[in-house]
Amino acid sequence: MSENIQTMFGRIAPTYDQANHALSFNKDIQWRKDSVSQMIRDGFKPTKVLDLCAGTGDFALAVKEQCPGAQVVLADFSKAMLNLAKGKVGSSQGFDLLEADALKLPFHDMAFDAVVCGFGVRNLDSVEAGLKEIARVLKPGGKAVILEFFKPTGFLNQLAHTFYVSTIVPMRGGAISKDKAAYDYLQRTAKNFLSLNDFKQLVEKCGFKDVSSEAKTMGVAVSVMGIRK
């Protein structure tokens with residue numbers, strides 16, 4: 001990711017959680033919990049999990065809550081975000097934090113049983129390269145769960161999505177963070193991102209099978225899960 005985007009996330013880090021909760025009407029924490037439930041539903045028990053684009057650590061906490069025996073590695077390119085995550089996990093056992101580029105992860109091939117990523121892939125310089133990197137660090141049979149906003153299909157969904165993304169996100173996010181430019185950027189990435197079907201096809205292309213999805217809160221967000229071939 002570019003240095004400018006890295007700097008931007010550093011600027012909004014102090015108000016990032018507050019903005020996320022306000023923008024999702026306090027649904028975002030449950031979205032992450034539900035995404036972890038989706039991952040482990042069939043008795044899947046990961047022992048080493050990567051939380052990619054970890055931000056302030058809410059996804060990692062959701063993983064640990066439902067997979068208490070797992071080692072969870074939080075990776076993000078923003079030191080400011082990771083510092084906030086460190087404050088949340090404290091001295092708890094089973095967490096490691098690492099400043100890292102999602103497109104050049106400092107891990108061996110097949111290092112993880114699972115990867116989770118919340119609202120991060122749409123900000124990557126190359127979504128395809130990011131998905132291939134996720135596949136590289138996953139063991140065969142490992143699972144990736146990606147929680148994101150996708151470009152909707154259907155007139156009414158498109159209308160609601162456009163209003164939410166183009167109006168609510170920059171207005172509320174900008175007001176809370178006092179950084180309208182950052183939330184203008186974030187609304188553009190959401191507005192211009194792939195449709196769900198296009199993204200699922202790309203996930204398959206990048207080394208995954210049995211790709212499935214679950215809508216959150218009437219499709220506002222969607223979790224996509226794939227199994228590493």
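Which residues lie nearest the centre of the largest cavity? In this predicted model, they are Asn20, Leu23, Phe119, Arg122 and Phe149, out of 19 residues that line the space. Here's a quick tour of the sheet first, then back to the holes.

- Seven strands line up as an open sheet in the order 3-2-1-4-5-7-6, with mixed pairing.
- At the edges sit strand 3 (95-99) and strand 6 (208-216), each pairing on one side only.
- From one strand to the next, the twist averages 15°.
- Strand 2 (residues 71-76) runs parallel to strand 3, and five bridges link the pair.
- Across that pairing, Leu74 stands opposite Leu97, while Val73 stands opposite Asp96.

**Helices that go with it**

**The cavities**
- Helix 8 gives the most to the lining of the largest cavity, namely four residues.
- That lining splits into 12 nonpolar, four polar and three charged residues.
- The second largest cavity comes in at about 230 Å³, and among its 22 lining residues Tyr16, Cys53, Gly55, Asp76 and Gly118 are closest to the centre.
- For the second largest cavity, helix 2 gives the most to the lining, with three residues.
- Its lining has nine nonpolar, eight polar and five charged residues.

Methods: Residues numbered from 1 in each chain as written. Predicted model: local features only at pLDDT ≥ 70, side-chain atom pairs only at ≥ 80, totals over all residues. Heavy atoms only, no water. Pairing = 2+ DSSP bridges. Helix = DSSP H or I, 4+ residues; strand = E, 2+ residues; numbered from the N terminus. Axes fitted to C-alpha atoms, helices over the stretch in contact; angles between N-to-C directions. 1 Å grid on protein atoms, 1.4 Å probe; cavity = no way out; pocket = protein on both sides within 12 Å on 5 of 7 lines; lining within 4 Å. Nonpolar A, V, L, I, M, F, W, Y, C, P; charged D, E, K, R; others polar. Points joined across faces, edges and corners; volume = space filled by probe spheres on them.
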